[in-house]
Structure formats: C-alpha cells, structure tokens
Amino acid sequence: MTESPPAEGEAIRIEALRKSFGEHEVLQGIDLSVATHEVICLIGASGSGKSTLLRCLNLLEPIDSGRISLWGQEITGANVNQNLVRRYIGIVFQSFNLFPHMSVLHNITLAPIKARGLPRAQAEEEARALLDRFGLADREADYPDRLSGGQQQRVAIVRALAMQPQIMLLDEVTSALDPELVGEVLDVIRELAAGGMTMLLATHEMGFARDIANRVCFLADGTIVEDAPPSVLFTDPKDERTRRFLRRIVEAGRL
Amino acid sequence: MSLGGGPIPGSFGTTGRGPRLLSGGGRRATAISTASTVVVLAGLVAIFLLAPGSAEVRHTFFDPADMWQSFIGNPKKGYYSVGAALWLNIRMFIAAEIFILIVALVIALIRLSTSAVLFPFRVLSMIYVDFFRGVPLLLIILAIGFGVPALRLPFVSSQPAAVYGVVALVLSYSAYVSEVYRAGLNSVHQSQVAAARSLGLSQATTLRHVVLPQAVRNVIPPLLNDFISLQKDTALVGVLGAIEANEAAQIYSSTVFNYSSYTVAAILFLILTIPLARFTDSVIDRDRRRRLAGAQA
C-alpha cells in the first residue's frame, strides 16, 4: 500500500472470494466492486455470510481463494503489511468491543499513538474533536461499563475514525442495541455518509438501508444474489430468494 | 451493560459487599454469633488446659523466656535470632516473586502461542509445567541445593544456599503461576483481540496494552494466593543450611531442647502472611463491587 490512497475511483474490488469454516463454505464466490464515497448495504438472513465478508475485508479472517484489492492493490497476497492495510479500513462490531479497562479517551487514542505514531497530546486533541462532533464530549473520562449501549457504539465508531480510515465497515452495529438507542447510532452513520465516507454495512435495518445506501446487496447461499439500488431492490426484486426474504421482513413489520 | 459478567445474584441479605465474616443480621444474630464464638473458644482452651500433657506442652512450646531468647538470639550460646533470620525469608520471597512473575508469564505466552515455529517450545513448556508441578518442592530444593554445588562449576556452584533455594522456588512456582496466567489470558475474549488488531495494532502491542492488563486483572486473587503460599515455603530452604527463620528455630530447639522457638517462627510467618491475605480479600471485594456497579450502570 502506498501512504495515501487516491480519493477517487474504485475503492474495493472483491473477486471470486471463497471462505469456509470447516466443512461449511460461508462465502462461495463473492464478486463486488465498491466506488470511493459509495455506501453499500449488505442484507440477508443470519448466517448468510455478511459478517464473514466484512471480516475478510479487514483481514481478520484469512480467505481460502479469490482476491481483494484496495485502489487496485491486492491486499490478500503474501507479504502484505496487515497493520498498514487496516489503517485504511476501520471496522465496527455488533458487540462494540471497547477495551473495558481503559477510559473512553484512552480507548480512542491507543491506536493513533501506537500505530500512527502520533504524540499523545495531538492524539488526545483529535480524539476530543471527534467526541465533540458526535455528542460525547463529556464522556472522555468514563469507562465503557458506565455508558449506555448507544454511547458505547458511538465511542467504538469514534475509535475506528481516529485512525482516519478511508473505508468503514459496519457489522450490524445496531443489532445489540435497545430500540430507543438505535437512532443515535444511525445518525452517526448518516453523518459519515454525508461526509463522503466509503462504507460497507451489514444491517437488518431495512428502512435505514433504503435511506442511506447507493446500492443494496442481498446475500444468500454464500453468494451475492442481487445487487441493485435500493429503489429497485426493495420494490422490484428480480430473484425469488430476494422476494421471499423481503416478504418475511415485511411480515415481521421491519420494512 | 457490563462487559465483566452479568448481575450478581449473591447479594441477598448482604450489603452488596459480598458475604461478610461477621454477618450483620441484627442484634439477635450478633448475640448468637458472639455466644457461639465464646463457647467454641472456651471449649478449645479447656481441652488444651485439661489435657494430661498440658503442662509439658506449655513448657516446651510456649515458654515465654525461651520464646524471647530464641527471638533475640545469642550467638555465644550457639543459636541465632529467629527474628533476624526472618529477614532472609523476606528477601528470598521478594527475589523469587519477581523472577516467578516474569518466568511464568513467558511460559504461559509460549503455551498459548500458535506459531508453527514455536512448536518445540510449546512442548518443552508443557513438559516443564507437568514436571515442576508434579515433583514436591522439597525435592527440587534438595536437588538444586546439593546437586549444583556438587558439579563444581566456576561461579555457578559456589553460591550461598539461599540463592539455590530461590532458584528452586522460582522453578517450582513458575509452573503453578504460569497456569494462573494461562487461565487469565484465556479469559480475555477473542473479540478484544479482533478489535485491537482491526485498529492496526500489532500483535505485540495488542498483547501488551489490551490482553495482558485484562488477563492479569482477572487473576489477581489466585496470584496473591500463590504469593501467600510462597512466603511460607521460603522456610523449606532451611534444609540447605540457610539460616532463615525456621532453620534458626530448629538450631535453637536442638541447642536448648525447647520447641518454643518454633512457636516464635510460626507467629512471625503469620505476621508476614496475614496482611497479604487481608489485602487479597480486599482486592476480591473491590473487584466484586466494581462488577456490581458495572452491572447496574
């Protein structure tokens, strides 16, 4: 990877990606291209491989075959500096995964200090600016277990942003939240999208996906069954499996 | 929302500080517990005082003059101060403790490593732990304390007995403590590692700043428990002739033919271990309250 990737063009290209856990092949040949500034929502039943796909992109899961490139440079080959790649791709998890033994400020500044090599004062200044931007200014000294789920997830997003990533991967970031706390996290994501962040979201919030996504990908049986703008995918799905999935979502009152 | 376990249901009828030694269940309960304590203690004292050999035992184990003499020592009469000798126990304890904490951590990290290159070291560390946990500490002390000098190597074979004792303590206790560390490292959820690595932190930084602090925090009570045990096991080094408290007491008893010196040594070890035991309790207590607070937040 070069030090600063180009800000335009194709940000992510995934080709024929396959990944198995034991006997079970979760991803059976994924092809996907994401342009810079594009927001893509991955939808599909639990176990359809949305999370695995995001984890492969962040190199948290080694892939079995295929390739992933960022701005034309392959990141799945040998001799790739994983730590450098991860600086360009932030990921936020369903279960927040904040460091429970560190204050909010320390959670956010750890990686900038250790991985970006920032002096502490500058890292803290940047962290405070981000906390302020997302309405968490008075929370910097708190430990994660004193925060609500929504606050924890916003801190987790700020922590990822503090590495100044070019791409954000969001793995069902609202699924573990109480319904009344979902909104504050979705607002943060909306702001990121408005700021031009390239994003890949796995989500069950269909209304939100319809709002925010440039494209929605429906995953089933380890492949991307349908890939279309939300206006098309939610109103006129082509594949029978997509139709069945959306019907169940509507019946559950989630669309 | 708590990351450290759910709400703790064990707080029924307590103050939220866990079960207390002297349960505060009202005046009647206090009266009953006081009465039962008095009865039990009085019974034990009565058995001791009324036993047929009571007078002899009191003379051989609890003679005030002998206790004082063994405590202050008298080199002219051929015995050492048990009190001064305790200083050697304390020094051995501190030295051993520092090395144990380091060696045990290295062993635990090797055992939990996944790299193929380290495979032979994983096997070695497993054998190490199996061996030193299985052999009695006294035998290890004797083997090192008499074996190494017998090799007549330069420098290595000409150390004071206390040094061989510390080496033996480190070898034995590192095996136990490495298992404590291993449990602690395993208690840190894999998602914490994923979160740290996803931020671009290296494996070493993740271990140092994310995994280890949480792992150690989770095992402080069992670690302190092992330290208490180590404090008194320094007495075993006396078999090598090092003049620690127990050995000084033995020299007194074989010189004067009175065992009160052992009582002095026992009291001194209690003075050493009880503060650490209470400290351990308070750490456990604090941890419990912290989790309880976290569960309510």
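This is a predicted model: local features need pLDDT of at least 70, side-chain atom pairs count only at pLDDT 80 or more; totals for chains, interfaces and linings use all residues.
Residues are numbered from 1 along each chain as its sequence is written, and chains are lettered from A and ligands numbered from 1 in the order in which they are written.

**View 1. Helix α9 of chain B bends at B:Ile220.** Helices (H or I, at least four residues) and strands (E, at least two) are DSSP runs, numbered from the N terminus. The bend in α9(B) is about 60°. A bend is the angle between axes fitted to the seven residues ending at a residue and the seven starting there. A proline, B:Pro221, follows within four residues. Buried residues of α9(B) include B:Val219, B:Leu223, B:Phe227 and B:Leu230. A residue is buried if 20 or more other C-beta atoms lie within 10 Å of its own, exposed if 12 or fewer, and partly exposed in between, with C-beta atoms placed from the backbone.

**View 2. B:Tyr173 sits in helix α7 of chain B.** B:Tyr173 counts as buried because 25 other C-beta atoms lie within 10 Å. Leaving aside neighbours within four places in sequence, B:Tyr173 is in contact with B:Ala96, B:Ile100, B:Asp226 and B:Leu230. Contact means that the C-beta atoms of two residues, placed from the backbone, lie within 7 Å. B:Phe227 is 54 residues from B:Tyr173 along the chain, and their C-alpha atoms are separated by 9.2 Å.

**View 3. B:Ala161 also belongs to helix α7 of chain B.** B:Ala161 is buried because it has 21 other C-beta atoms within 10 Å. Not counting residues up to four places away in sequence, B:Ala161 touches B:Gly145, B:Val237, B:Leu240, B:Gly241 and B:Ala242. B:Ile267 is 106 residues away in sequence and 24 Å away in space, C-alpha to C-alpha.

**View 4. The largest nonpolar core has 134 residues.** Such a core is a set of buried Ala, Val, Leu, Ile, Met, Phe, Trp, Tyr and Cys residues joined through C-beta atoms within 7 Å. Residues with the most contacts inside this core are A:Leu42, A:Val158, A:Leu169, A:Leu200, B:Val82 and B:Ala248. Helix α7 (residues 161-187) of chain B gives the largest share, 14 residues. Beyond four places in sequence, the contacts of A:Leu42 include A:Leu53, A:Leu200, A:Cys217 and A:Leu219. In soluble globular proteins, nonpolar side chains tend to be buried together.

**View 5. Chain B meets chain A through 22 residues of chain B and 23 residues of chain A.** On the side of chain B that touches chain A, α8 (190-198) and α9 of chain B each supply at least two residues. That side divides into nine nonpolar, 11 polar and two charged residues. Ala, Val, Leu, Ile, Met, Phe, Trp, Tyr, Cys and Pro count as nonpolar, Asp, Glu, Lys and Arg as charged, and the others, Gly among them, as polar.

**View 6. Two non-glycine residues of chain A, A:Phe96 and A:Asp221, have positive phi.** For A:Phe96, phi is about 65°. This residue lies in the loop between β6 (89-92) and α3 (104-114) of chain A. A:Phe96 counts as buried because it has 25 C-beta neighbours inside 10 Å. For A:Asp221, phi is about 55°. Its place is the loop between β9 (215-220) and β10 (223-228) of chain A. A:Asp221 counts as exposed because it has 11 C-beta neighbours inside 10 Å.

**View 7. Helix α3 (residues 64-72) of chain B has buried residues B:Asp66, B:Gln69, B:Ser70 and B:Phe71.** After α3(B) comes B:Gly73, with a positive phi near 75°.
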